[in-house]
Amino acid sequence: MSVICAIFPHSNNPERTLTCLNRLLQQSRLPDNVVIINNDAADTPVLNEIRHLAERALPPDSLHILQAETNLGNVGSCARGMDFAFDTLKADYAWVLDDNTWARPDTLQQLLAADTPEHTVRICLSLDPAKSGELSHPLSIPADKPGVWKPITHRENLPDTSLIPCRGGVFGALFPRAAWLAIGAPGEDLHSQGADEYSWKLQQAGFTFATVVSAELELPAARKPLIHYRLANRSFFYEPGITPERQYYKMRNWAWLQRLRAPRNYPARLIHCGVYIVMALNAMLYSNELTPRRVYTLFRALHNGFYGKLRPY
């Protein structure tokens with residue numbers, strides 16, 4: 001039987017962490033190991049509660065708490081956890097979660113039961129519990145033209161199939177050991193909002209992604225509706241209300257990915273960045289977020305990503 005390692009970070013929100021852990025412990029198919037990356041203080045009281053919960057439901061030595069030297073963010077934590085799962089624990093699969101992605105009782109079992117081709121990363125369907133099971137965020141699926149993706153924003157518009165090819169993702173994904181052997185874990189310098197970069201690298205290595213419709217996760221949607229622009233078969237989403245720090249990593253990592261895709265095509269990347277700036281500024285104006293700090297964050301993030309400098313916020 002495959003060895004499954006569930007991974008998620010803890011920051012400074014004990015309630016979310018304990019909910020995520022409790023949902024894991026209620027799985028019809030329990031993970032063999034649970035790895036929690038602690039981005040909080042090493043003596044935070046919630047760690048004792050975590051240990052007590054795990055002792056009641058998991059076999060001995062199945063809980064592993066990794067202390068981060070600094071806040072790694074969700075993608076950085078995912079990287080640390082994946083390396084530990086595959087290198088130290090010799091896991092067959094790493095099930096990567098965030099502290100606010102809460103599995104339903106048979107989610108892991110449904111993921112494992114999905115009949116997928118070799119070198120496929122299976123992903124959960126993320127649903128907003130506050131909106132009658134509506135999609136938590138847009139799901140990008142193949143469009144009519146090769147290499148073009150279209151975002152599905154409502155569950156009723158999903159293809160009528162149990163397995164939906166998709167663009168990629170990290171949180172809620174079940175990564176096979178072969179993926180880690182092929183390209184390693186995501187870079188810790190991505191910090192957060194780096195799912196697109198890791199998905200792209202896996203696709204270049206021959207892996208595909210598929211959403212398993214029956215494997216449901218509860219993930220609260222953004223507090224404010226996303227602003228969506230579409231231009232020449234490309235989508236741009238702006239998420240109002242997020243912190244400037246999160247916005248920085250989102251924008252920096254976007255520009256970083258454009259650099260990876262076309263390292264020497266400077267004119268095309270400049271045009272893409274210019275269009276990105278126009279749409280971002282327009283979205284900031286529309287959402288009443290056009291402030292000096294936001295504008296500075298936008299230009300600093302794109303500058304750093306364009307020149308390949310993964311500087312922290």
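This is a predicted model: local features need pLDDT of at least 70, side-chain atom pairs count only at pLDDT 80 or more; totals for chains, interfaces and linings use all residues.

Me: What makes some residues of helix H6 count as buried, and which are they?

Reply: A residue is called buried if its relative accessible area is under 20%. In H6, which spans residues 195–204, the buried ones are Glu197, Tyr198, Ser199, Trp200 and Leu202, so each of these falls under that 20% cut-off.

Me: What do the buried residues of H6 pack against?

Reply: They pack against helices H3 (73–88), H5 (177–183) and H7 (244–261), along with strands E6 (120–128), E11 (173–176) and E12 (208–218). Contact means heavy atoms within 4.5 Å.

Me: How do you know that strands E8 and E9 pair?

Reply: Pairing needs at least two bridges. E8 (residues 139–142) and E9 (residues 149–152) have four bridges, in the antiparallel sense, so they count as paired. As an example, Ser140 has Pro151 in E9 as its bridge partner. The hairpin has six residues between the strands, and Gly147 takes a positive phi there, near 80 degrees.

Me: What lines the second largest pocket, by class and by element?

Reply: That pocket holds about 160 Å³ of space. Helix H2 (46–57) and strand E3 (63–67) are the elements that give two or more residues to its lining. By class, the lining has six nonpolar, two polar and three charged residues. Among the lining residues are Arg51, Glu55 and Asp61; Arg, Glu and Asp count as charged.

Methods. Residues are numbered from 1 along each chain as its sequence is written. Side-chain values use heavy atoms; hydrogens and water are left out. Buried means under 20% relative accessible area, exposed over 50%, partly exposed in between (1.4 Å probe, protein chains only). On a 1 Å grid over the protein atoms alone, a cavity is a set of points where a 1.4 Å probe fits but cannot get out, and a pocket is an open set with protein on both sides within 12 Å along at least five of seven lines; lining residues have an atom within 4 Å of a point. Grid points are joined across faces, edges and corners, and a volume is the space filled by probe spheres set on the points.
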